[in-house]
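Thank you all for coming; I would like to walk you slowly through one structure, looking at its surface and at the spaces inside. Please have a look at it before I go on.

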Amino acid sequence: MTKERVFGIDNARIIATFLIIISHLLSQGGLLSSFDNSTQYIMFRILKCFAFPALNMYLLISGYVGLGSKHSIKRLFSLYVEVFFYSLIITCVFMLIHNYVSFSEIIKAILPVMSKQYWYFSAYFFAFFIFPYIDMVLEHVTEELATKNLVGLFILASIVGTCARLFGDPFGIINGYSPLWMCIMYYFGGYIRKYENGKIIRFLQKKAILVYLFSTIVSLSSVFAIRIVNSLCHTSLNEGTFLSYITPFAVLASVSMLLLCLKRRNNKENRIITNLSKLTFGVYLIHVHPIIWSKVIKDSCIFLLDINPIVSMFMLIALAALVFAILLFLDYIRELLFKSFRVNKVLDILENKFSGRNNRLI
């Protein structure tokens with residue numbers, strides 16, 4: 001299929017990354033540790049539900065842009081170098097400043113994929129070698145069969161997988177933290193790309209706002225419904241049962257969010273947006289580094305609990321925007337360093353040695 005840049009995807013990456021930061025500040029920042037029914041908790045929980053589909057949207061984007069593209073080994077090398085850079089540099093900085101980095105943390109920093117330093121990239125590293133085969137399926141089967149596969153995966157992995165959480169994890173999806181779920185979302189994203197003008201996608205795009213709001217409201221309602229059941233029946237059901245990435249509502253919300261970005265896309269190149277979107281992976285790598293995650297972000301936002309609920313919510317969004325801006329700047333510095341050391345040319349040499357002149361894995 002013909003490949004051209006879709007600039008709506010750049011907007012989607014930026015929005016998804018910003019929402020991921022909000023989500024992380026809410027959870028790891030300590031704002032959802034309280035389980036009371038205060039106005040403040042409810043407002044933070046609402047914000048969490050609206051931001052929750054962002055990760056799945058990022059996975060959908062991988063499939064959307066991946067279908068029809070060259071799965072160059074250079075791309076994997078490039079991402080690995082960036083992961084290794086942040087994994088090691090951040091660890092070394094904290095070791096020099098605070099002197100509390102353990103030997104095991106240093107080993108994990110040197111071996112980020114094997115040690116699962118970043119679960120997302122460890123899963124991506126494995127799934128990367130499966131993506132070309134998913135492309136082959138989407139490129140060679142009929143729309144009818146591709147749709148049947150889509151519906152089948154949705155029912156099995158999302159609906160049945162969510163219900164099965166009450167008993168365990170029979171499919172090994174690990175609540176979405178797995179290469180399997182990444183491949184499923186890649187398929188969904190590739191399907192959206194290929195059949196963007198098909199009946200299903202056009203229908204979802206027309207109803208995207210309603211689907212997003214409905215899915216978010218149901219997810220939010222499930223938290224309080226389970227809380228009421230626990231209170232009345234003296235049970236201990238997990239309030240987050242329907243807040244997993246694999247739930248039907250999380251999937252539908254992420255698909256509708258992506259379609260909203262594509263619906264309002266501008267195919268005229270905006271260099272600022274394009275350049276910012278290229279830095280979003282670095283933003284993710286910096287703020288979820290295990291040391292920053294546990295030493296800096298953990299309980300960093302609990303001061304907002306002592307402020308007026310409405311004011312605190314806007315302050316959280318402003319804080320997320322500030323964090324986003326700072327991390328974008330830091331990754332821009334990293335990009336300049338990589339250019340000055342000609343990392344891209346080194347990767348070209350490595351790719352040529354690894355795969356000769358063939359840029360495809362299959």
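When I speak of a helix, I mean a DSSP run of H or I with at least four residues, numbered from the N terminus. What you see is a predicted model, in which local features need pLDDT of at least 70 and side-chain atom pairs count only at pLDDT 80 or more, while totals for chains, interfaces and linings use all residues. Residues are numbered from 1 along each chain as its sequence is written, and side-chain values use heavy atoms, with hydrogens and water left out.

Ile333 sits in helix H16, which covers residues 309-340, and its relative accessible area of 34% makes it partly exposed, that is, between 20% and 50% with a 1.4 Å probe and protein chains only.

Now to the inside, where the structure holds two cavities of 30 Å³ or more; a cavity is a set of points on a 1 Å grid over the protein atoms alone where a 1.4 Å probe fits but cannot get out, and its lining residues have an atom within 4 Å of a point. The largest cavity has a volume of about 60 Å³, the volume being the space filled by probe spheres set on the points, which are joined across faces, edges and corners. Helix H11 (208-233) and helix H12 (248-263) each supply at least two residues of its lining.

Which residues line the second largest cavity? They are Ile20, Leu55, Tyr58, Tyr120, Phe281 and Tyr284, around a volume of about 50 Å³.

Notes. 1 Å grid on protein atoms, 1.4 Å probe; cavity = no way out; pocket = protein on both sides within 12 Å on 5 of 7 lines; lining within 4 Å.
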